[in-house]
Amino acid sequence: MQDELNTDASPAATPAEKETMPSLEEMLKAAELQAAEHHDAWLRAKAETENMRRRAADDVEKARKFAVENFANELLAVKDSLEAALAAESPSVENLKDGVELTLKQLVSAFGKFNLNDINPMGEKFDPHQHQAIQMIESDQPANTVVTVLQKGYRLHDRTLRPALVMVAKGKD
């Protein structure tokens, strides 16, 4: 009877060992499940990346489209002042001159808020990055010195928007 018990115990141990070691089918199902989870996570990450790219492109487009919004708001006050001057019934020359001076101050203030500064190089050495020479003239000034400014130039931060139109002194022969 003990032989039967021992014999019965041996085969019972084998199925228990099999249960601890998963079958190939179970391993395949687990790997397929894990692969499906990874694929799902990859699809979600891909979708999130695409959404972020689209949002960033929209933000760039809005920034480009509305970049001058604050500057435009500042210029509206200047336009209002000019329209008010034109709407005056019978303005005197002195009143118009005062109004134009105040409007110019508004415009200069708006330019200053946005780092739009004028280039008025009278007496400075000619700089081709900031000045455009129209003519060279005889002068007592040293050669390549700006003698006359025909039109001011403008700089936005450190970038020249419009070079100043100038006349430059010739070198003495």
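Trainee: Where does Asn115 sit in this predicted model?

Mentor: Asn115 is in the loop between helix 4 (93-113) and strand 1 (116-119), and the model is a predicted one.

Trainee: Why is Asn115 called partly exposed?

Mentor: Its relative accessible area is 34%. Buried means under 20% and exposed means over 50%, so Asn115 with its 34% falls in between and counts as partly exposed.

Trainee: What is phi of Asn115 near?

Mentor: Near 55°, which is a positive value in a residue other than glycine. Asn144 has a positive phi too, near 65°. That one is found in the loop between strand 2 and strand 3, and its relative accessible area is 34%, so it is partly exposed.

Trainee: What about Thr145, then: buried or exposed, and how do you know?

Mentor: Thr145 has a relative accessible area of 7%. The cut-off for buried is under 20%, so 7% makes Thr145 buried. It lies in the loop between strand 2 (131-137) and strand 3 (146-151).

Trainee: Which residues is Thr145 in contact with, leaving aside neighbours within four places in sequence?

Mentor: Gly123, Glu124, Lys125, Met167, Val168 and Ala169.

Trainee: On to charges. What makes Lys113 and Glu74 a salt bridge?

Mentor: Their closest N and O atoms are 3.2 Å apart. The rule asks for a side-chain nitrogen of Lys or Arg within 4 Å of a carboxyl oxygen of Asp or Glu, so this Lys and Glu pair at 3.2 Å qualifies. The pair links distant parts of the chain, with Lys113 in helix 4 and Glu74 in helix 3 (residues 69-87), 39 residues apart.

Trainee: Why is Lys113 called exposed?

Mentor: Exposed means over 50%, and Lys113 has 52% relative accessibility, so it counts as exposed.

Trainee: What separates Lys97 and Glu101 in helix 4?

Mentor: About one helical turn, because they are four residues apart. Lys97 forms a salt bridge with Glu101, with the closest N and O atoms 2.8 Å apart. In helix 3, Glu83 and Lys79 are also four residues apart, and their side chains meet in a salt bridge at 2.3 Å, N to O.

Trainee: How many salt bridges does the count come to?

Mentor: The count is 10 salt bridges. There is also a network of salt bridges linking Glu50, Arg53 and Arg54.

Conventions. Residues numbered from 1 in each chain as written. Predicted model: local features only at pLDDT ≥ 70, side-chain atom pairs only at ≥ 80, totals over all residues. Heavy atoms only, no water. Helix = DSSP H or I, 4+ residues; strand = E, 2+ residues; numbered from the N terminus. Buried < 20%, exposed > 50% of the residue type's maximum accessible area, 1.4 Å probe, protein only. Contact = heavy atoms within 4.5 Å.
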